[in-house]
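Visitor: Could you walk me through this model? I am new to reading structures.
Guide: Gladly; here it is.

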Amino acid sequence: MTTPIPSSPIQDTILSQLAAVAAGKSIDPMSVAKAVEPERWQRVLGHVRTNAIELAREGKIVILRHNKPVNPEQFRGVYRLRLRMEGDPTSFEDVADVADDAVVGDEGGEA
């Protein structure tokens, strides 16, 4: 028999905040950090990211960039968190990581 791994206070906060928003809505990792450590929330942001990646690996949540699911092992930059929905990818081997490419063509646009 396998023993379940206990969740962390950060994971509990992520899941409780996601449970409190409407289906399909996402949360900002900063709100999680502020809930866990209101005075020094910046110190917790890296831990929020690590715990979010773990929850995404377990299939409990999805990490979003530009409102699209991204590979939890390879994303960079600003992100949001959402509960997994039907139709979300479960594997990212065939999915192009458009999140990092989306802003490349926006530089120096015409007026």
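**A helix and its surroundings**

Guide: Aspartate 28 caps the N-terminal end of H2, with a side-chain oxygen 2.9 Å from the backbone nitrogen of methionine 30; a polar contact is a pair of N or O atoms within 3.5 Å, where within protein one must be able to donate a hydrogen and the other to accept it, and residues adjacent in sequence count only if both atoms are side-chain atoms. Helices (H or I, at least four residues) and strands (E, at least two) are DSSP runs, numbered from the N terminus. This is a predicted model, in which local features need pLDDT of at least 70 and side-chain atom pairs count only at pLDDT 80 or more, while totals for chains, interfaces and linings use all residues. Residues are numbered from 1 along each chain as its sequence is written, and side-chain values use heavy atoms, leaving out hydrogens and water.

Visitor: Which residues of H2 are buried?
Guide: Pro29, Val32 and Ala33 are buried, meaning under 20% relative accessible area with a 1.4 Å probe, protein chains only. They lie on the same side of H2, because they cover an arc of only 95 degrees around the axis, taken from the directions from the helix axis to the C-beta atoms.

Visitor: And what covers them?
Guide: The cover includes H1, H3 and strand S3 (80-83).

Visitor: What does valine 48 touch?
Guide: Beyond four places in sequence, Val48 touches Ile10, Ile14, Pro29, Val32, Ala33 and Tyr79, where contact means heavy atoms within 4.5 Å.

Visitor: New topic: what is the average pLDDT?
Guide: The chain averages 84, and 77% of the residues score at least 70; pLDDT is the predictor's confidence in each residue, from 0 to 100.

Technical notes: Buried means under 20% relative accessible area, exposed over 50%, partly exposed in between (1.4 Å probe, protein chains only).
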